[in-house]
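This report concerns salt bridges and helix packing. The sequence and structure are shown first.

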Amino acid sequence: MSDAAGDTTAGRVHLDKQSPQAYHALVRTAEAVRATAADAGLDRILVELVNLRVSQINGCAPCLDVHTRAALRAGETTRRLGVLAAWRDTGLFTARERAALALAEATTRPADALAQEHAYDEARRTLTDDEISAVIWVAITINAFNRVSILSKHPVRDASPGA
């Protein structure tokens, strides 16, 4: 419930603050996954596209904000970011990116067995075993962070210099 000032975090437990040991373990997992992705040859743009697509599906505003800025810093274009939610309907993404995005979506929606099988089949044709593993780990990890932020009602912070 929101108060008169628009604060939707009132009464919410901020999971990262309430259970810092568990949250720091998740951060360490993310660091290991980032290294795994780099070792597998996934560039930062592809990792951020996966982070963003999963965060779009989950509706996690703070993660969308953080990973949009990270994608732009990595060299992603605003045009591709603008159509990411409809990536299947554009020719702007490579076969490798498309396979990774489909696999990330299947990881985020595991109950859709048919979509999962299609995504995995495409990934097998396009990505190496190391890349498949890395994409799935990236998707698992951002899903976890999405849930922490959503359930804690983390706000989108002002990203302007000095804020």
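## The R53–E105 salt bridge

In this predicted model, R53 and E105 form a salt bridge, with the closest N and O atoms 2.7 Å apart. A salt bridge is taken here as a side-chain nitrogen of Lys or Arg within 4 Å of a carboxyl oxygen of Asp or Glu. R53 belongs to helix 3 and E105 to helix 6 (residues 95-108), so the pair ties together parts that are 52 residues apart in sequence. Helices are DSSP runs (H or I, at least four residues), numbered from the N terminus. R53 and E105 are both buried, where buried means under 20% relative accessible area, exposed over 50% and partly exposed in between (1.4 Å probe, protein chains only).

R53 and E105 are also linked with R88 in a network of salt bridges. By the same rule, the count comes to 10 salt bridges.

## Two further salt bridges

R96 and E131 form a salt bridge whose closest N and O atoms are 2.7 Å apart. Because R96 lies in helix 6 and E131 in helix 8 (residues 129-152), this pair ties together parts that are 35 residues apart in sequence. R96 is partly exposed, at 26% relative accessible area, whereas E131 is buried, at 8%.

The side chains of R125 and E122 also meet in a salt bridge (2.7 Å, N to O). Both residues lie in helix 7 (residues 113-126), 3 residues apart, about one turn of the helix. R125 is exposed, with a relative accessible area of 62%, and E122 is partly exposed at 27%.

## Packing of helices 3 and 4

The axes of helix 3 (residues 44-58) and helix 4 (residues 61-74) come within 9 Å and cross at roughly 160 degrees. That makes the two helices roughly antiparallel, a term applied to angles over 145 degrees. Axes are lines fitted to C-alpha atoms over the stretch in contact, with angles from 0 to 180 degrees between N-to-C directions.

The contact (heavy atoms within 4.5 Å) involves R44, I45, E48, N51, L52, S55 and Q56 of helix 3, and C63, L64, H67, T68, A70, A71 and A74 of helix 4. These residues divide into 7 nonpolar, 5 polar and 2 charged; Ala, Val, Leu, Ile, Met, Phe, Trp, Tyr, Cys and Pro count as nonpolar, Asp, Glu, Lys and Arg as charged, and the others, Gly among them, as polar.

## Basis of the values

Residues are numbered from 1 along each chain as its sequence is written, and side-chain values use heavy atoms, with hydrogens and water left out. In this predicted model, local features need pLDDT of at least 70 and side-chain atom pairs count only at pLDDT 80 or more, while totals for chains, interfaces and linings use all residues.

Methods
Parallel < 35°, antiparallel > 145°, perpendicular 65-115°, else oblique.
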